[in-house]
Amino acid sequence: MKISLATNFDDNLIDKVKDYNIYEVYGRMKDDFMCGGRPNNSTLSISKETFERHVKKVRDAGINFNYLFNGACCDNAEQNPEWQAKFIEFLKYLDSVGVNAYTVTNPMILKIIKKYFPSSICRVSTFACVDTLEKARYWESMGADIICADFVKINRDFEMLKAMVQSLKTAKIELLATNSCLKYCPFIHTHVNCIAHASIQKNNSSNYIDWCLLECQYKELQNPEEYIKSPWIRPEDVKFYKELGIEHLKITERDFPTEILLKRVEAYSSGSYDGNLLDLIQGHGYILEGTKLEPLEIKTEFKDIYDVINEIHRVRGFKIERKYPQHVYIDNKKLDGFIEFFKQGKCKGNCQNCNYCSSISKKVISTNEEVSNYLKQLYSKFEEMLY
């Protein structure tokens, strides 16, 4: 399986992963004029010099560099000829420093790239929500080379994935493996637009509240079976997707330290992981080797909603290493055989009448009641202040 890996712009990361089957790394500069797939207040800030040096390091290692234009909304600026001219100049700059691949969500952005840089590799972001064969065909006809399928809908729809692989003429299907979003997430379209607007410099989004993410996490905390329903892909199950003909796998997160990114690459390359599945699929909460966890500190007074959010971040480890015990532990090895239910097409999307994932959750998930209950209080307080 060819791996698309997030980069944290640490050159040492490339030295450590270049011997694995990494076909590209992906990232973007915080201070470009485009929209992206992360809010600016949680995007790594790097200098132009660091960016250029890192891209050279990547390309010298024989790996593609994929620049992210994955924002779902550009404020309609892409229709403005002056904006287009500026964008084309930026593409020329990226091409000059070695960028040879792009991720897009907006079809117009794809068409502009392919017109002026036809040999570049263009991947359709999972934010484009490609969940049917017809959607995939449309993107292919516009020039897409790789299509990252809608991870909240069809990661476990083996019939649909097989149809895509067999029917597309040139485009390849990629799957996002490391994500813990809600299955059939009701926030997905709102969320990708919210973070796109929060990624644009002129929108001054330093105080942006990622409320969709927090709502998602609260639902999972209240209903642990949601962790199992979430369409992640275990390292052990990658082989079944290879059997379908899928060649590309995407691994996140861009703001994780090299040690954790390497850990994920090793797990998915070896096809095995013995530990908490959250270590692989969450976009936060990493624990470095040798870290001694601390007893939970509980706060009772909050001055405003940002104070509550900061406390959630502190406990769960947002943008920082986690210092407190994990609220849930998902025993990855106990999930052996879990995917067979989906391979056999037994999942009909009617979770209320099925309860397969619910029954599995009772066998594989253990909860730290102290941390979990405290987080529930914090999320409840957040909702109270938000609405």
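## Strand E8 and its neighbours

Isoleucine 3 has leucine 249 of strand E8 as its bridge partner. This is a predicted model, in which local features need pLDDT of at least 70, side-chain atom pairs count only at pLDDT 80 or more, and totals for chains, interfaces and linings use all residues. Residues are numbered from 1 along each chain as its sequence is written, and side-chain values use heavy atoms, with hydrogens and water left out. Helices (H or I, at least four residues) and strands (E, at least two) are DSSP runs, numbered from the N terminus.

Strand E1 (residues 2-6) pairs with E8 in the parallel sense, over 4 bridges; two strands pair if DSSP finds at least two bridges between them. Strand E7 (residues 172-176) also runs parallel to E8, joined to it by 3 bridges. Here glutamate 174 stands opposite histidine 248 of E8.

Which way do the residues of E8 (residues 248-251) point? His248 and Lys250 point one way, Leu249 and Ile251 the other way, and all are buried. Buried means under 20% relative accessible area, exposed over 50%, and partly exposed in between (1.4 Å probe, protein chains only).

## Helix H5, side by side

Now let us turn to a helix. In H5 (residues 133-141), the residues Leu133, Ala136, Trp139 and Glu140 are buried. They lie on the same side of H5 because they cover an arc of only 125° around the axis, the arc being that of the directions from the helix axis to the C-beta atoms. An α-helix has 3.6 residues a turn, so residues three or four places apart point the same way. On the other side of H5, Tyr138 and Ser141 are exposed.

What do the buried residues of H5 pack against? Their partners are strands E4 (101-104), E5 (121-124) and E6 (146-148), together with helices H4 (107-116) and H6 (158-167). Contact means heavy atoms within 4.5 Å. After H5 comes glycine 143, with a positive phi near 115°.

## How H5 meets H6

The axes of H5 and H6 come within 10 Å and cross at roughly 30°. That makes H5 roughly parallel to H6. Axes are lines fitted to C-alpha atoms, for helices over the stretch in contact, and angles run from 0 to 180 degrees between N-to-C directions. Angles under 35 degrees count as roughly parallel, over 145 as roughly antiparallel, 65 to 115 as roughly perpendicular and the rest as oblique.

H5 passes H6 in a right-handed crossing, in which the near helix is turned clockwise from the far one by less than a right angle. Leu133, Ala136 and Arg137 of H5 meet Met160, Ala163, Met164 and Ser167 of H6.

## Loops worth a visit

Most residues other than glycine have a negative phi, and most peptide bonds are trans. In the loop between E8 and helix H11 (258-270) sits glutamate 253, and the peptide bond to it from threonine 252 is cis, with omega near 25°. Tyrosine 184, in the loop between E7 and helix H7 (188-198), has a positive phi near 50°. Tyrosine 184 counts as partly exposed, at 40% relative accessibility.

Lysine 319 also has a positive phi, of about 65°, and is found in the loop between helix H13 and strand E9 (328-330). Its relative accessibility of 48% makes lysine 319 partly exposed. Lysine 292 lies in the loop between helices H12 (278-281) and H13 (305-316) and counts as exposed at 75% relative accessibility. Lysine 292 and lysine 323 are 31 residues apart in sequence, with 7.6 Å from C-alpha to C-alpha.
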